[in-house]
Every structure is written in C-alpha cells, then in structure tokens.
Amino acid sequence: MKRRTFIKTASASGLACTIPPIFPSFFNADYSTEELMGKEEIELFGEGINLREEAYTSFLAMKKAAYSDGFDIKIASSYRDFYRQRGIWERKYLRFTEEDNMTPLDAIDKIIEYSTIPGTSRHHWGTDIDIIDGYPKITGDVLVTEKFEAGGPYEGLKLWMDENSVKYGFYLVYTDNPRRRGFKYEPWHYSYAPLSIPMLTAYRKLNVLKLLKKEDFFGSEHFTTGFVKTYLQDNILDINPTLL
Ligand SMILES: [Zn+2]
C-alpha cells in the first residue's frame, strides 16, 4: 500500500478536511523526537499486545480472522522503549566483547544483524510486532527463520499472513529480497503501515547522527559518522519499499 493510496482514500471520502474513516492517524502525523526514539511514554492498547490504538484495533481484526482459519497469532514482541533496547544492546555487546573476545567493531556488526541501535528501533513506535502461531508446541527459540519456512511449525501462519496481512495494514519489514541490505530476513516482523509510514517520514527528518552522538551506552563511543550513515541507509531505509 503506497502513500498515494491513502491520499486517494481520503479524497474519496469527500471534503479535504474530513477525517478519513479508515486511517485517521495518517493526517495527524506530528511526532516528537522523544516519541520517535522510544523515550516518551505513549498510550498503548491491549494486554500483551501493546500497540497504538489504531494498530491494535486492526491487529485484533486480523487475529480474529486468522483464528477462524486455524491460526492463533501470538505477539512475541511489540512495543519496546529506548531503555529496554539499550539493555538488549548492552547485554549483547558485553557478551560478544567479553565472552567471545570480539573487537568492538565486530561486536557491533554482529549485533546489528538482528538488533537495532537504541533509539533507532521500529519497535519504539507502537506500530510493529513480532508474531508466532500459538498452536504448534515447539522447543527452543521461536523467532528463527526456518520455523516460518516449508516444514516449519509456523509455515501455515506465514502463508496466511502472505495472503491476508495487507488487508489489515500489516506489512513484512525485513523481506527475503536477496538484494536488500541491513537487517536479515525476519519472517515474523510486521509493521502497521498506516501509522509507521508517516512515523518513518518524521524519523527521516531527524538528525539521527547528532542524536546518537549524545547517547552514552556500551559501544556507542565507536560509532563513526560513516558507520551511522551506512546503518541508516541499510538498516533503517533498506526495508520493504511499500513502507517507505
Ligand atoms: Zn521485530
């Protein structure tokens, strides 16, 4: 779903100032720096779901539809604030540098295969989810690519999502396009486009390099201008093009 589609929906609903009935938040795209970096307390909806209201409502509708088709969509992760992301980052950084004896730069490269730099996560926005199917009983880590592929326990859910998620505004972010750079393929990570597209647009206007330079967490002293620029280009912007 492209931006243009939303605008068309809006003008089809009548007067220019009429709030479009489907995606009201699209026109209320005023997000603060703190909010975009996961540092502001935002209102979240749904126990164990934790999404912005509009994303939550649409998620519930999708969950119901999936349920009647035999899949029990469960949230593995949704909203995560800056401080939790910092905890994840620092734990990995210490493990890689101290236990695995990696150099700081190698450790950072390893972390950003799957984890974001605090302040740059889409999970800060209340629009993105990592999901699994609650029905199959599985052992070990759940967010593993093979589990969503042919023969894996979440294959059915993934196929259902391929067919249906966009009807509810949810799009895969880190696709399996081999030419895509940045984060690896994440068949579990979906974003509620009607909110996350305007949020990414607002995020792109921030001076993330300057903002990250003000932060002080393990490894952040090794961020160079070149590294952050490449990271933003590859990890933040080289995503499913529908979400840009
Ligand atoms: Zn995720």
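**Entry 1: a pair to start with**

Which residue in β4 is the bridge partner of Asp128? I looked it up, and the partner is Ser191. Before going on, I noted that this is a predicted model, where local features need pLDDT of at least 70, side-chain atom pairs count only at pLDDT 80 or more, and totals for chains, interfaces and linings use all residues. I also noted that residues are numbered from 1 along each chain as its sequence is written.

**Entry 2: the whole chain**

I found nine helices and four strands in the protein chain. For my own reference, helices (H or I, at least four residues) and strands (E, at least two) are DSSP runs, numbered from the N terminus. Along the sequence I read the pattern α-α-α-β-α-α-β-α-β-β-α-α-α.

The protein chain has 244 residues, and 32% of them are buried. I call a residue buried if 20 or more other C-beta atoms lie within 10 Å of its own, exposed if 12 or fewer, and partly exposed in between, with C-beta atoms placed from the backbone.

I then turned to contacts, where two residues count if their C-beta atoms, placed from the backbone, lie within 7 Å. Of the contacts with a separation of 6 or more, 70% are between residues 24 or more positions apart.

**Entry 3: the sheet**

Back to the strands. I used the rule that two strands pair if DSSP finds at least two bridges between them. Strand β2 covers residues 128-133, and five of its six residues are buried. Strand β1 (residues 73-77) runs antiparallel to β2, and four bridges join them. I picked out Ile73 here, whose bridge partner in β2 is Asp133. β2 also pairs with strand β4 (residues 189-192), again in the antiparallel sense, over three bridges.

What order do the four strands take in the open sheet? I wrote down β1-β2-β4-β3, with antiparallel pairing. β1 and β3 (170-172) are at the edges with a single partner strand each, so one side of each has no neighbour in the sheet. On average, neighbouring strands of this sheet are turned by 45 degrees against each other, direction ignored. The axes behind that angle are lines fitted to C-alpha atoms, for helices over the stretch in contact, and angles run from 0 to 180 degrees between N-to-C directions.

**Entry 4: helix α4**

I followed helix α4 (residues 82-99) from end to end. Its 18 residues reach 25 Å from first C-alpha to last, close to the 26 Å expected at 1.5 Å a residue; the expected span is 1.5 Å times one less than the number of residues.

Which residues of α4 are buried? I listed Gln85, Trp89, Tyr93 and Phe96. Seen down the axis, the buried residues of α4 fall within an arc of 70 degrees, so they line one face of the helix. The arc is that of the directions from the helix axis to the C-beta atoms. On the face turned away from the buried side I found the exposed residues Tyr83, Glu98 and Glu99. Helix α5 (104-111) is included in what covers the buried residues.

**Entry 5: two asparagines**

I checked Asn101 in the loop between α4 and α5. Its phi is near 55 degrees, a positive value in a residue other than glycine. Asn101 is exposed because 9 other C-beta atoms lie within 10 Å. Asn50, in the loop between α2 (33-36) and α3 (53-68), also has a positive phi near 55 degrees. Asn50 has 19 other C-beta atoms within 10 Å, so I logged it as partly exposed.

**Entry 6: the cores**

I searched for nonpolar cores, meaning sets of buried Ala, Val, Leu, Ile, Met, Phe, Trp, Tyr and Cys residues joined through C-beta atoms within 7 Å. The largest has 35 residues, and Ile131, Phe170, Tyr171, Tyr190, Met199 and Leu243 touch the most other members. At least two residues come from each of α3, β2, α6 (155-164), β3, β4 and α7 (193-204). The most come from α7, which gives six. Leaving aside neighbours within four places in sequence, I found Met199 in contact with Tyr31, Leu36, Trp125 and Thr127. There is a second, separate core of eleven residues, and Trp89, Ile112, Val208 and Leu212 are among them.

**Entry 7: Asp234**

Last, I visited Asp234 in helix α9 (residues 225-236). Asp234 counts as partly exposed because 15 C-beta neighbours lie inside 10 Å. Not counting residues up to four places away in sequence, Asp234 touches Arg181 and Gly182. I also noted Phe183, which is 51 residues from Asp234 in sequence and 7.8 Å from it in space, C-alpha to C-alpha.
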